[in-house]
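The sequence and the structure are shown first.

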Amino acid sequence: MRRHIVLIGMMGAGKTALGTELARRLRVPFTDSDAEIETAAAMSITEIFARDGEGFFRDRETQILSRILSGPPGVLSTGGGAWIQPANRSLISTHGVSVWLNCDLDTLWHRVRQRNTRPLLKTPDPKGTLARLIEERYPIYGMADLVLESRPEDSVDAATSRLLDL
Ligand code: S3P
């Protein structure tokens, strides 16, 4: 494999679960950019947002993506906002194939509401916030090289097989 496979899409779309299984099947390394940011900062994403703000987090995200993408090819799962930044899109497109996990609002909400650890959803109306983010972001996610329609009834295994068939 010469290029990275980069999973993009909203929080709750299943990027980490699917990426882990995909990397296992392809026998390549799996990296999660959020986890790398947390390790490098020795803080959780929530703490980084609270202490240093979203702008700081976005700068770190671009640095980490640039580091991972210039390394050996593998499967990379990105945070939901990563692809929205033009600089990140050009980095990702230079080094990898982007795959958007397209998932509807109700499925996303069902998954994220169980354990709301996402700082962007710490609002009085988290489902409304999620809906607004979907509206803003879906046209931009739509610029990905490939789109995997996420079916709520799919197992991780089935979704990974469908991705490999794209
Ligand atoms: C974000 C999504 C999160 C994380 C941060 C911001 C976003 O990642 O990067 O909370 O802007 O949608 P996941 O998509 O892995 O939840």
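A17 is partly exposed because 14 other C-beta atoms lie within 10 Å. On this scale a residue is buried if 20 or more other C-beta atoms lie within 10 Å of its own, exposed if 12 or fewer, and partly exposed in between, with C-beta atoms placed from the backbone. A17 lies in helix 1; helices (H or I, at least four residues) and strands (E, at least two) are DSSP runs, numbered from the N terminus. The model is a predicted one, in which local features need pLDDT of at least 70 and side-chain atom pairs count only at pLDDT 80 or more, whereas totals for chains, interfaces and linings use all residues. Residues are numbered from 1 along each chain as its sequence is written.

**Annotated positions**

An unreviewed UniProt entry places the feature "binding site" at G12, A13, G14, K15, T16, A17 and R118. UniProt positions are given in the numbering used here, feature names are shortened, and annotations may be inferred rather than shown by experiment.

G12 belongs to the loop between strand 1 (4-8) and helix 1 (15-26). G12 is buried because 22 other C-beta atoms lie within 10 Å. Apart from neighbours within four places in sequence, G12 is in contact with C103, L108, R111 and V112; contact requires the C-beta atoms of two residues, placed from the backbone, to lie within 7 Å. T16 is situated in helix 1 and counts as partly exposed, with 15 C-beta neighbours inside 10 Å. When residues up to four places away in sequence are not counted, T16 touches D32 and S77.

**Ligand shell**

M11, D34, I45, G79, G80, G81, R118, P119 and L120 surround the ligand; a residue is near a molecule if its C-beta atom, placed from the backbone, lies within 6 Å of it. The shell around the ligand comprises 4 nonpolar, 3 polar and 2 charged residues. In this division Ala, Val, Leu, Ile, Met, Phe, Trp, Tyr, Cys and Pro count as nonpolar, Asp, Glu, Lys and Arg as charged, and the others, Gly among them, as polar.

In what order do the 5 strands of the open sheet lie? The order is 2-3-1-4-5, and the pairing is parallel. The edge strands are strand 2 (30-32) and strand 5, each of which pairs on one side only. From one strand to the next the twist averages 25°; axes are lines fitted to C-alpha atoms, for helices over the stretch in contact, and angles run from 0 to 180 degrees between N-to-C directions.

Strand 4 (residues 96-102) is largely enclosed by the rest of the structure because 5 of its 7 residues are buried. Strand 1 and strand 4 pair in the parallel sense over 5 bridges, where pairing requires that DSSP finds at least two bridges between two strands. The bridge partner of H4 in strand 4 is G96, and that of L7 is V99. Strand 4 is also joined to strand 5 (residues 146-149) by 4 bridges, and these two strands run parallel. On that side, N102 has E149 in strand 5 as its bridge partner. Helix 4 (residues 86-95) lies across strand 1 and strand 4 and runs at about 120° to strand 4.

**Helix residues and their partners**

A23 is found in helix 1 and counts as partly exposed, with 19 C-beta neighbours inside 10 Å. Leaving aside neighbours within four places in sequence, A23 is in contact with V28, P29, F30, G74 and V75. E36 is located in helix 2 (residues 33-41) and is partly exposed, with 18 C-beta neighbours inside 10 Å. Beyond its neighbours within four places in sequence, E36 is in contact with T31, I64 and I68. The table lists C-alpha separations for two residue pairs that involve A23 and E36.

| Pair | Separation in sequence | C-alpha to C-alpha distance |
|---|---|---|
| A23 and V75 | 52 residues | 5.7 Å |
| E36 and L65 | 29 residues | 9.3 Å |

**Positive phi values**

Most residues other than glycine have a negative phi. R27, a residue other than glycine, has a positive phi near 55°. R27 is found in the loop between helix 1 and strand 2 and counts as exposed, with 8 C-beta neighbours inside 10 Å. A42, also not a glycine, has a positive phi near 55°. A42 is found in the loop between helix 2 and helix 3 (45-69), and A42 is exposed, with 7 other C-beta atoms within 10 Å.
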